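Grab a pencil and work through the exercises below. Try each task yourself before you read its solution.

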Amino acid sequence: MKRVYADLHLKPPSIDDPEATKALIREAARLGYSLIGVTLPKDVKAEEVEKLKETCKSEGVDLATRVDLSPKNSRDLLEELRRVRRRFEIVAVECGNKQIARQAAKDRRVDILSFKSPEPRGRFFDAAEAELASGALSALEIDLAPLLVLSGFLRVRLLSILRREVFLAGKFGVPVVLSSGASERLLLRKPRECIALARLFDMDFEAAKSALSETPLSIVERNRKKLSPNYVAPGVYVVRRGGDCPDT
Amino acid sequence: MRRRYIAVKIELEDDELSGCGKLSKGDVWGAVWRRFLQLYGEYGASQADLSLVEYNPDENYAVFRCSHKALETVRTAISAVTEVRGRKAAFHIIYVSGTLKALRKRIEK
């Protein structure tokens, strides 16, 4: 059976620019992705999401709605999570400081931990963070766009940070998601090319393949189940409705 | 020595926007070679036995040759190219083959 690949982090420059968004989605589909996550604004309207879903359908890819939260502190994070969790299929948190990183790692409503800074001091994925994340099923996201865009010392430093983070994730069993983080079509790469790029930070072939396929697919599948009207509580689902169900 | 031939499709930003002409063989080779040196250094480059075999400027296709042992490093370097002669670009690997003949056959298909 053909493997299904996913890119959970496409960042169209603006949702109001349908042409740029469409070009990005078309390119992702052409490069072999079957599922894409598009970052949407927190206050996105249902009609805009429907339009985007239509675009994806016409290109033959499945859309997962995603929101990137950049809270100021952990209290802000909790508030934002309460507001957005039921509205988006993927919730990613950009961990701007240690307090937010720790809170995000232990909160089961967070799917993806994202560290944007190329500076070692701006990234908080250490052993304690990895341990918390492994307990809460959050995944560590590695965007490949900065690797392509940065050069010289900055890229060298980023590679060394990513190598350490991938090692820690493996040690503590934290799932890793490889994404493009692309805001334009020329920053997108084929899945096999992403696997090759992951070699730069010592991610082995099978782990990289899984980070582009099984891990992102399982995140979306898990959340779709939770967001479905049949979900009651963890492990409890409505399996049948209607007149033939006995009244209690 | 066993070799691998890599067919690459070069995608460029819209020509109307950049107002530039076609790329030359030297531009394409320079972009990949520079990236390879940045990522793997001269020691890595000496092991890769990398060369540009063919380039079609009309179709923007190129064929690179490398040692089979260095295939993954060459693949990484090709994927990491983001710019050719000041123009934003992406190099996508289409096929990898052990012989040029088989590669050409697959491209024609």
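Two strands count as paired if DSSP finds at least two bridges between them. Keep in mind that the model you are looking at is predicted.

**Exercise 1. Work out how the strands of the sheet in chain B are arranged, and which ones stand at the edges.**

Step 1: Write down the order. The sheet is open, has five strands and runs β2-β3-β1-β5-β4 in chain B, with antiparallel pairing.

Step 2: Look at the two ends of that order. β2 (51-56) and β4 (83-84) of chain B each have a single partner strand, so one side of each is left without a neighbour in the sheet.

Step 3: Zoom in on one pair. β1(B) and β5(B) are joined by eight bridges in the antiparallel sense.

**Exercise 2. Describe how chain B meets chain A.**

Step 1: Count the residues. On chain B, 23 residues are in contact with 17 residues of chain A.

Step 2: Turn to area. The two chains, B and A, bury about 1,700 Å² between them, and 49% of that lies on carbon and sulfur atoms. Within chain B, the residues losing the most area to chain A are Glu72(B), Ser79(B) and His92(B), which together make up 29% of what that side buries.

Step 3: Check the polar side of things. Twelve residue pairs are in polar contact across the interface of chain B and chain A.

Step 4: Find the elements involved. In chain B, β1 (3-12), α2 (25-48), α3 (71-79) and β5 (87-97) each supply at least two residues of the side that touches chain A. β5(B) gives the most, with seven residues.

Step 5: Sort that side of chain B by residue type. You get ten nonpolar, six polar and seven charged residues.

**Exercise 3. Is Arg3(A) buried, partly exposed or exposed, and which residues does Arg3(A) touch?**

Step 1: Locate the residue. Arg3(A) sits in the segment before β1 (6-10) of chain A.

Step 2: Use the cut-offs. Buried means under 20% relative accessible area and exposed means over 50%. Arg3(A) has 29%, so it is partly exposed.

Step 3: List the neighbours. Leaving out residues up to four places away in sequence, Arg3(A) touches Lys209(A), Ser210(A), Ser213(A) and Glu214(A).

Step 4: Compare sequence and space. Arg3(A) and Ser213(A) are 210 residues apart along the chain, yet their C-alpha atoms are separated by 7.4 Å.

Step 5: Finish with the side chains. Those of Arg3(A) and Glu214(A) are joined by a polar contact of 2.9 Å.

Terms used
Residues numbered from 1 in each chain as written. Chains lettered and ligands numbered in written order. Predicted model: local features only at pLDDT ≥ 70, side-chain atom pairs only at ≥ 80, totals over all residues. Heavy atoms only, no water. Contact = heavy atoms within 4.5 Å. Buried area = accessible area lost by both parts, 1.4 Å probe. Polar contact = N/O pair within 3.5 Å; in protein donor to acceptor, adjacent residues only side chain to side chain. Helix = DSSP H or I, 4+ residues; strand = E, 2+ residues; numbered from the N terminus. Nonpolar A, V, L, I, M, F, W, Y, C, P; charged D, E, K, R; others polar. Buried < 20%, exposed > 50% of the residue type's maximum accessible area, 1.4 Å probe, protein only.
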